[in-house]
Amino acid sequence: MITQPAFDLVFRNALLRTSSTPVDIGVKGGRIAAIEPQLACEALEVDVAGRLALPGFVDSHIHLDKACLLGRCGHGHGSVSEAIRAVAGMKTDFTVEDVYARGAKVLERAIVHGTTRMRTHVEIDPRIGLRGFEAVKALKRDYAWAIDLSVCVFPQEGLTNDPGAEELLIQALRAGGEVVGGCPYTDTDPNAHLERVFNLAQEFDVDVDLHLDFDLDPSWWHLDEVCRQTERRNYQGRVAIGHATKLSALPPEQLKAATAQLASAGVAVTVLPATDLYLMGREATHNAPRGLTLAHKLVGDGVLCSVATNNVLNPFTPFGDASLLRMANFYANVAHTSVGDFDTCLDLVTELPARLMNLGDYGLKVGNPADLIVLDVKDSRFAVAELPDIVMGFKSGRQTFERQPPTLFRPGP
């Protein structure tokens, strides 16, 4: 037994992805103070029983402000433009209280499904004003006990063609917006849109997270301009693009060139399986394309990638439970991943989005916050394959949830 100073809490017999045998994790003051086999100390103990411990899932792209709208939109939408119009028509009536209530519902589902870090995109424009932003800021404050919420402010319906949107973005960035986004495909001047977004990013020293090229026509795109702006401003490692569905439509040689371009520019890619699959290829009469960019293959070629939720129960995605483990499994199925890729699929909802969001304190390492979830599986290779129960979670050493195992009622003799 290794003698250590007193801890507030010790996790016993935790299997880590980096360890072949279970270890103990000592927590002091909400942070990890030691990771050793058989810590000898007096402290409150939690027996992980040899199950897999992770630092929590990281959702790098979600929209809390427009979640849970199916009950009010008479859903029959099938294209990106129709989904945008449907939400645009509703959000003029959004109140701070309404956005808060819908966002809280999704946040609580995410928490019990093991998410401990999240970046939410919030629409800023003259129709919604700052109401969605104010609601999400309140959610960030009120749920900090269980999840770290980062706020990305962006103009969904354009920027140069939407007078007043840029002024509202500036107000939001001054009031606590942590990332700035953009949506050039909805703007009448996409390159000017990107120029203004990068200008704001530099002015406020925040990262950039864009919605990009949401269709399957590879004859035109905005990827070249994004990479050019990134390199010109030395913003490598601070730019992400979401969807990037055109990459899925490229022939091999063009995809190889685009992959090298992304890797060289340090631009990350977030794949959003539920939305991308729901909205892409709907016009096909047969052999419908998936429209899903293969993140695990991009990772193998040096591009930082993540898989994320995007939308929950709205015209963009009329499904969802905010489970990133389920999303990773869904991605693995649709992307035809091999068994050897399962660990990378788990990376796509843990380590890799943490890097994308530049989270320097993420991970089960000494000195980091004691954020930990326990999965009912004893081999990390099978976490994505089995979809095991997530049995408990902790934030800064404080327990945030517990899931009781189901009980089978066998017939009597």
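Modeller: Helix H4 (residues 165-174) and helix H5 (residues 190-204) have axes that come within 11 Å and cross at roughly 25 degrees. Helices (H or I, at least four residues) are DSSP runs, numbered from the N terminus. Axes are lines fitted to C-alpha atoms, for helices over the stretch in contact, and angles run from 0 to 180 degrees between N-to-C directions. The angle makes H4 roughly parallel to H5, a term for angles under 35 degrees. The crossing of H4 and H5 is right-handed, which is the word used if the near helix is turned clockwise from the far one by less than a right angle, with left-handed for anticlockwise. On the H4 side, the contact is made by Glu166, Leu169, Ile170, Leu173 and Arg174, and on the H5 side by Arg196, Leu200 and Phe204; contact means heavy atoms within 4.5 Å. By class, the contact of H4 with H5 has five nonpolar, no polar and three charged residues. Here Ala, Val, Leu, Ile, Met, Phe, Trp, Tyr, Cys and Pro count as nonpolar, Asp, Glu, Lys and Arg as charged, and the others, Gly among them, as polar.

The model is predicted: local features need pLDDT of at least 70, side-chain atom pairs count only at pLDDT 80 or more, and totals for chains, interfaces and linings use all residues. Residues are numbered from 1 along each chain as its sequence is written, and side-chain values use heavy atoms, with hydrogens and water left out.

H5 also packs with H6, their axes coming within 10 Å and crossing at roughly 30 degrees. H5 and H6 are therefore roughly parallel to each other, and their crossing is right-handed. Asn191, Leu194, Glu195 and Phe198 of H5 make this contact with Glu225, Val226, Gln229, Thr230 and Arg232 of H6. The contact of H5 with H6 divides into three nonpolar, three polar and three charged residues.

Helix H6 (residues 223-232) in turn meets helix H7 (residues 252-265), with axes that come within 9 Å and cross at roughly 25 degrees. That angle makes H6 roughly parallel to H7. The crossing of H6 and H7 is left-handed. From H6, the contact takes in Leu223, Asp224, Cys227, Thr230 and Glu231, and from H7, Ala258, Gln261, Leu262, Ser264 and Ala265. Five nonpolar, three polar and two charged residues make up the contact of H6 with H7.

H7 leads on to the largest pocket, giving five residues to its lining, the largest share. The volume of this pocket is about 410 Å³. On a 1 Å grid over the protein atoms alone, a pocket is an open set of points with protein on both sides within 12 Å along at least five of seven lines, a cavity is a set where a 1.4 Å probe fits but cannot get out, and lining residues have an atom within 4 Å of a point. Grid points are joined across faces, edges and corners, and a volume is the space filled by probe spheres set on the points. Of the 22 residues that line the largest pocket, Leu247, Ser248, Leu255, Leu292 and Leu294 are the closest to its centre. The lining of the pocket has 13 nonpolar, five polar and four charged residues.

There are also four cavities of 30 Å³ or more. The largest cavity holds about 50 Å³ of space, and residues lining it include His63, Lys66, Tyr185 and His211.

Definitions and conventions:
Helix = DSSP H or I, 4+ residues; strand = E, 2+ residues; numbered from the N terminus. Parallel < 35°, antiparallel > 145°, perpendicular 65-115°, else oblique.
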